[in-house]
Amino acid sequence: MIRLVLNFFNISTPTKTYATKTPRHLLELVMNALFLNTQNTSVSIKVQKDDDDNSLDDARSASEMEFYGISFKAVDSRNMAKIDFTTSGELRMPKLNIEESTLWNFLIFEMLSCMTRIVSSYVVLMGTLINSEKDVEVLLGSKILASRGRDAKSMVSMFTELSATVNKKNFCFGQLMKNINTYCTSHYRKMRANFVRKYYDSRWELLNNILLFILTSTQTLFSVLGYNPMSRGSN
C-alpha cells in the first residue's frame, strides 16, 4: 500500500526519515517522504530551540541575491529539504512540484499535529525568496518553480499568504540563511551589489534620455525639411 501511494506521487520509498512514529494516514506518509527524508540532506531538523534565531533578519529575496552574484540551480531530488548553498555562491534547491492545495494541507497538518517544523520552515524560506514578480521570474528561469498556469503576480500572492500563516520560530534553515548572509556581507559582494543596482537603475534613465534625444532630433529634422522659404516670400 505504501509503495502504491508513493509511486502515485512519483516519490521513491525513503529508507529512513526523521519521523519518530508510523504515519497516521496518507497525508502524513507523503509529507514525511517529501520533507523528512534524511537521505542526502544537511538540513537540521529542530524541535524546540532557536526561538531567538535571527538568521532571517537580513534575508534577501531571489532578485536581490542576484545583485550579490548568487545563482540558482534546480536539483533533481524528491527530498524538498535538500537545499544547499555552495562556497561559489550557488543556491541549489529541488524543483517545487507540489500543488498549492497539497502544500496547504501539509502546512496545516504539521502545525496541528507535528513537533517538527520543516514544512513551515520551507514555506518561510520560499516567502523570503519571493517578494516580487521579479523574484518569481528568477526562480522560474532556474526551473526551481513551475508556473502551472499561474502568472507571476498570483505566485507572489500564494507564497505571501502561505508564509504569513506560519510562526517563524524553530526555523530549520537557519544555518543556510547565515551562510548566505555571510557571503553577501563580504566587502567585494557589497561593492558588486551596489554597482549592479546603480547600473540596473541608471540604464533605464540612459535609455529614456537616448529616446528623448532621438525624438527631439527627428522632430527638429522634419521641421527643417518642411520649411519652404519660397512659400513664405510669396505671401
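A salt bridge is a side-chain nitrogen of Lys or Arg within 4 Å of a carboxyl oxygen of Asp or Glu. Keep that in mind as you look through these close-ups of a predicted model.

**View 1. Glutamate 100 and arginine 150 form a salt bridge.** Here the side chains of glutamate 100 and arginine 150 meet, with an N to O distance of 2.0 Å. Glutamate 100 belongs to helix α4, while arginine 150 sits in the loop between α6 (133-141) and α7, so this pair ties together parts that are 50 residues apart in sequence. How exposed is arginine 150? Its relative accessibility is 30%, so arginine 150 counts as partly exposed.

**View 2. Helix α4 and helix α7 come together.** Follow α4 along residues 100-113 and α7 along residues 152-165. The axes of these two helices come within 11 Å and cross at roughly 5°. Angles under 35 degrees count as roughly parallel, and α4 and α7 are therefore roughly parallel to each other. Which residues meet here? From α4 come Glu100, Leu103, Trp104, Leu107 and Met111, and from α7 come Met158, Glu161, Leu162 and Thr165. Sorted by class, this contact has 6 nonpolar, 1 polar and 2 charged residues. Glu100 of α4 takes part in this contact, and you have already met glutamate 100 as the salt-bridge partner of arginine 150.

**View 3. Strands β1, β3 and β2 make an open sheet.** The 3 strands lie in the order β1-β3-β2, and their pairing is mixed. At the edges are β1 (71-75) and β2 (84-85), each of which pairs on one side only. Look next at β1 beside β3 (residues 90-94): these two strands pair in the parallel sense over 5 bridges. To find your place, look for serine 71, which stands opposite glutamate 90 in β3.

**View 4. Glutamate 90 also meets arginine 92 in a salt bridge.** The N to O distance between these side chains is 2.6 Å. Is glutamate 90 buried or exposed? With 17% relative accessibility, glutamate 90 counts as buried, whereas arginine 92 is partly exposed, with a relative accessible area of 32%.

**View 5. Lysine 82 and aspartate 84 form another salt bridge.** Their side chains meet at 3.8 Å, N to O. Lysine 82 counts as partly exposed, at 23% relative accessibility. Aspartate 84 is partly exposed too, at 25%. Side chains of opposite charge can pair when their charged atoms come close. How many salt bridges does the model have? The count comes to 3.

Key: Residues are numbered from 1 along each chain as its sequence is written. This is a predicted model: local features need pLDDT of at least 70, side-chain atom pairs count only at pLDDT 80 or more; totals for chains, interfaces and linings use all residues. Side-chain values use heavy atoms; hydrogens and water are left out. Axes are lines fitted to C-alpha atoms, for helices over the stretch in contact, and angles run from 0 to 180 degrees between N-to-C directions. Helices (H or I, at least four residues) and strands (E, at least two) are DSSP runs, numbered from the N terminus. Angles under 35 degrees count as roughly parallel, over 145 as roughly antiparallel, 65 to 115 as roughly perpendicular and the rest as oblique. Contact means heavy atoms within 4.5 Å. Ala, Val, Leu, Ile, Met, Phe, Trp, Tyr, Cys and Pro count as nonpolar, Asp, Glu, Lys and Arg as charged, and the others, Gly among them, as polar. Buried means under 20% relative accessible area, exposed over 50%, partly exposed in between (1.4 Å probe, protein chains only). Two strands pair if DSSP finds at least two bridges between them.
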